[in-house]
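User: I am new to this structure and would like to learn how to read it feature by feature. Could you give me the general idea each time, and then the case at hand?

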Amino acid sequence: MRTRFPVPNLHVFTFHVSLLLCLLVTAALPVAASSSPPADSPPYGPDLRERICAPDPTYNLKEGEILVPVFVYHFVGRETLERNGHSVSRFNVTAADFEAQLALLQALGYHPVTVGEIAAALDGKATLPERPVALTFDDGWREQYDVAFPILQRYGMRATFFISTSFVGYPRFMTWEELAEMRDAGMEIASHGRKHINLADADDPDAWREIARSRETLEEKLGVSAVSFAYPFGGYRRGLPAMLERAGYQIAVGLGSSPVVRPGGRYYLRRIEVRGQDTLTAFLNRLPWRGMGTPLCVPEPRERIREEQ
Ligand SMILES: [Zn+2]
């Protein structure tokens with residue numbers, strides 16, 4: 001039976017065959033401290049301050065567009081993909097790096113929202129908080145419960161977990177009980193299809209089964225009416241948005257590099273991949289808002305005196 005399930009490396013490799021060209025710069029600066037940063041010290045080294053306090057990138061938003069970076073993670077803290085505390089896989093972010101990323105988001109004043117909340121905002125039914133960010137996790141790997149979930153809770157942050165419903169309960173994957181616990185903690189549990197097939201290659205009846213039955217299963221097992229869907233392998237073709245809408249989904253996510261959410265793109269939100277070897281600087285470079293205007297970037301005392309004179 002286990003051979004029916006994707007071998008992690010093969011799975012993620014295939015997943016990213018169709019992946020975007022990631023144009024963002026990965027600077028060669030070291031990753032920040034590996035332990036949980038105390039609240040009274042900044043969650044980064046002095047080398048990052050200059051970049052944190054650089055001006056924000058500019059985006060020329062058109063009417064109805066929302067600025068909200070949506071990140072995607074696969075494995076967090078998978079020990080077999082780490083050596084000497086560092087990730088050896090693009091698809092595995094170490095627990096320490098993940099925590100440093102959350103600490104940075106918190107220090108920069110970001111407010112995590114779920115993908116479902118982005119749908120509500122696009123419909124004008126909800127207003128997103130200042131500096132929204134969405135953290136998403138794919139496939140239902142068990143480290144997401146064991147490692148990522150406790151760290152998210154420690155930072156009071158919510159996230160969206162896209163689950164391939166046929167994998168639930170199998171070795172290496174989360175169980176329904178664990179998913180229920182995350183649901184109760186405010187996490188969004190959403191659909192990643194049933195068997196993780198590429199819907200770009202599936203005929204309509206197969207695609208419909210993946211889309212509709214996975215939603216029914218989430219309803220049946222968790223009492224969740226899923227509004228969000230993630231395309232397995234990022235696979236997309238015409239006709240899928242109409243099926244998703246008919247099945248009851250309000251939004252869907254794929255892959256990309258832009259933090260701009262367009263109303264017309266609600267059935268293919270672009271998600272930015274967080275890679276295992278990314279430095280904290282690389283993560284920072286993907287954020288639309290930096291530290292200007294936050295307590296992190298108050299002028300040095302001497303600069304303040306000069307300004308006041
Ligand atoms: Zn997947």
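Analyst: Let us begin with the naming of elements: helices (H or I, at least four residues) and strands (E, at least two) are DSSP runs, numbered from the N terminus. His196, for example, lies in the loop between β10 and α7 (204-222). Residues are numbered from 1 along each chain as its sequence is written, and side-chain values use heavy atoms, with hydrogens and water left out. This is a predicted model, in which local features need pLDDT of at least 70 and side-chain atom pairs count only at pLDDT 80 or more, while totals for chains, interfaces and linings use all residues.

User: What average pLDDT does the protein chain have?

Analyst: pLDDT is the predictor's confidence in each residue, from 0 to 100. The protein chain averages 85, and 82% of the residues score at least 70. Over residues 1-39, however, the pLDDT is below 50, although this stretch has 77 contacts (heavy atoms within 4.5 Å) in the model beyond near neighbours in sequence.

User: Which residues touch the most other members of the largest nonpolar core?

Analyst: A nonpolar core is a set of buried Ala, Val, Leu, Ile, Met, Phe, Trp, Tyr and Cys residues joined through side-chain atoms within 4.5 Å. Buried means under 20% relative accessible area, exposed over 50%, and partly exposed in between (1.4 Å probe, protein chains only). Here the largest core has 66 residues, and those touching the most other members are Tyr73, Phe98, Leu135, Phe137, Leu152 and Phe161. Leaving aside neighbours within four places in sequence, the contacts of Leu152 include Phe98, Leu135, Phe137 and Phe161. A second, separate core of 18 residues includes Val70, Val113, Ile118 and Leu128.

User: How many bridges join strand β8 to β9?

Analyst: Two strands pair if DSSP finds at least two bridges between them. Strand β8 (residues 132-139) and β9 run parallel and are joined by 4 bridges, with Asp139 having Ile163 of β9 as its bridge partner. Between these strands the chain passes through helix α5 (residues 142-154), and this β-α-β crossover is right-handed, meaning that, with the strands pointing away from the viewer, the path from the first strand over the helix to the second runs clockwise. β9 also pairs in the parallel sense with strand β10 (residues 188-191) over 4 bridges, and there Ile163 stands opposite Ser191.

User: Are Arg172 and His196 buried or partly exposed?

Analyst: Most residues other than glycine have a negative phi. His196 has a positive phi of about 60°, whereas its relative accessible area of 5% makes His196 buried.
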